[in-house]
Amino acid sequence: MTTPIIQPSISVKTLSESPNLKSIPSNYVNSDIYPFDFIASEPRDYSNSIPTVDFSLLTSIDPHQRSKAINNLNKACQDWGFFMVVNHGIQESLMKKVIDGTQGFFNLKEEEKKEFEGKHVLDPIRYGTSFNTSKDKAFFWRDYLKVFVHPKFHSPSKPDRYSDVMWEYCEKVREVTKVLLGGISQGLGLEECYLEKTLEMKSGFQIFIANYYPCCPQPELALGMPPHSDHGLLTLIIQNQVGGLQVQHQGKWIHVNALPNSLLVNTGDHLEIFSNGKYKSNVHKVVVNNTSPRISVAVAHGPSLEAIVSPASPLVQSETNYIPMKYKDYMEMQQSNQLHQKSILEQVKIQRN
C-alpha cells in the first residue's frame, strides 16, 4: 500500500517569489530538527580532496591504465562513497540543455506544473515540493520533478522538447553508469559483468530527479534536503553553476565544488548491500543560499524493481550483513517515510552484538 502524497498549496518557488518575503514560514524551519547539520562545514578548500575518476582511463585499451582507473574507483567508493567523473564523453551542450529544460519546467505556471502532481510514491511522473509532505516534520526548501525513465520511458509533456532532451541525456548517462558499475564489480574482485547480470541491470530502474532550490531569505534556518543516503546503486548529478551539495566524510560536512563539465556520483544503499558493507552509501545534504537559485538533476540507477538484492555471494566469506529485500519494496519504504540519514538501510542491516 503506497502512502498518499499531501502537497502544500504552493511551490517553494512561488513562495520565494512572494513580494517582501523577509523570513521563512515556521513549517520550513529545520534548524531545530537537525541541529548537528547546521554546524559549520569544512572550509571550501577541503573539497579539493574529493576523489576524481577519469572515465577515459576506465575505457582505455591499455590494461595498465584501466587497472589503475579501477583501483582509483574502488578507493573512491571505499573511502568516500562519492566522486567526480571527468572525461565522460557526454557533451557539455547536452548537459546545458538538460539544466535549461529543467529551468523551463519549473518556470511553468503553477497550474501547469500541478498537472504532473503524483498521488503515490510509485507514480511514474511526480511533481511536488519538499520530500514527503505527509511525513516531513518540517518542509524542505525544494521543489522537484521525479520521472521514471527506464526500463519504460516516461516524461512530462511540457515544456517543448524537454522530453527529447531528457531521453537523450538518460541514455548517455546510463551508458556511463554501466561502465562505472563494471569497474566497481572488478574492484570488488568479481567479473566485470557480475553485478549487471546478478541485479538484472538490462531492466534496471532509472529515475530522473530534477530539483529546484530557490533563493531563501533565511538560509541558516532551512535545508534544501536533509542528510540522507540514496536508494539504488549510483546516482549521477549535474547542476547549474550554484553549489549547495555537501557530503559527509569522516564525520565532517564537505562542500562539493564541482569541476567544470563533471558528473557528481553518490554511491547508494544497494551498492552497500551488494558489497556486503565493503562500500558504504554516502550521506549527503543540500544547503540553500539567499543569492541564487540552484538547479540540479540527479539520475539514480538501481537494479530491476523486481530484483531481490542481497550481498554478492563471493563477498560473503562467513556471514551476510544485510537481509535480502526486493528493490521495489525498499524504494517504496524509503520514499514513503521521513528522510533521515540511513534509517531505511538500518532496517535491513543485521545487527550483531
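The loop between S4 and H6 is the place of Pro-159, where helices (H or I, at least four residues) and strands (E, at least two) are DSSP runs numbered from the N terminus. The peptide bond that leads from Lys-158 to Pro-159 is cis, with omega near -10°. Pro-151 has its place in the loop between S4 and H6 as well, and a cis peptide bond with omega of about 10° joins His-150 to Pro-151. Arg-161, also found in the loop between S4 and H6, has a positive phi of about 70° although it is not a glycine. With a relative accessibility of 64%, Arg-161 counts as exposed; buried means under 20% relative accessible area, exposed over 50%, and partly exposed in between, with a 1.4 Å probe and protein chains only.

This is a predicted model, in which local features need pLDDT of at least 70 and side-chain atom pairs count only at pLDDT 80 or more, while totals for chains, interfaces and linings use all residues. Residues are numbered from 1 along each chain as its sequence is written, and side-chain values use heavy atoms, with hydrogens and water left out.

A positive phi, of about 60°, is also found at Asn-276, although this residue is not a glycine. Asn-276 is in the loop between H8 and S11, and it is buried, with a relative accessible area of 10%.

From the backbone we turn to the aromatic rings. A pair of aromatic rings is described by the distance of the centres and the angle of the planes. Rings of Phe, Tyr and Trp (its six-membered ring) pair if their centres lie within 6.5 Å, and planes under 30 degrees apart count as stacked, over 60 as edge-to-face and the rest as tilted. By this rule the count comes to eleven aromatic pairs. In one of them, the ring centres of Tyr-28 and Phe-139 are 5.6 Å apart and the planes stand at 70°, so the pair is edge-to-face. This pair links distant parts of the chain, 111 residues apart, with Tyr-28 in the loop between helix H1 (12-16) and strand S1 (52-54) and Phe-139 in the loop between strand S3 (125-129) and strand S4 (143-150). Tyr-28 and Phe-139 are both buried.

The rings of Tyr-194 and Phe-274 have their centres 6.2 Å apart and their planes at 50°, so this pair is tilted. Because Tyr-194 lies in helix H7 (residues 194-198) and Phe-274 in helix H8 (residues 269-274), the pair ties together parts that are 80 residues apart in sequence. Tyr-194 counts as partly exposed at 22% relative accessibility, whereas Phe-274, at 0% relative accessibility, counts as buried. One aromatic cluster is formed by Phe-105, Phe-106, Phe-116, Tyr-127, Tyr-162, Phe-208 and Tyr-212.

In soluble globular proteins, nonpolar side chains tend to be buried together.

Helix H6 (162-187) also takes part in a pocket: H6, H7 and strand S5 (205-213) each supply at least two residues of the lining of the second largest pocket. On a 1 Å grid over the protein atoms alone, a pocket is an open set of points with protein on both sides within 12 Å along at least five of seven lines, a cavity is a set where a 1.4 Å probe fits but cannot get out, and lining residues have an atom within 4 Å of a point. The second largest pocket has a volume of about 350 Å³, a volume being the space filled by probe spheres set on the points, which are joined across faces, edges and corners. Of its 18 lining residues, Arg-174, Thr-177, Lys-178, Glu-196 and Met-201 are the closest to the centre. H6 gives the largest share of this lining, seven residues.

The structure also holds three cavities of 30 Å³ or more, and the space in the largest cavity is about 390 Å³. Among the 30 residues that line the largest cavity, the closest to its centre are Arg-142, Ile-209, Met-225, His-228 and Asp-230.
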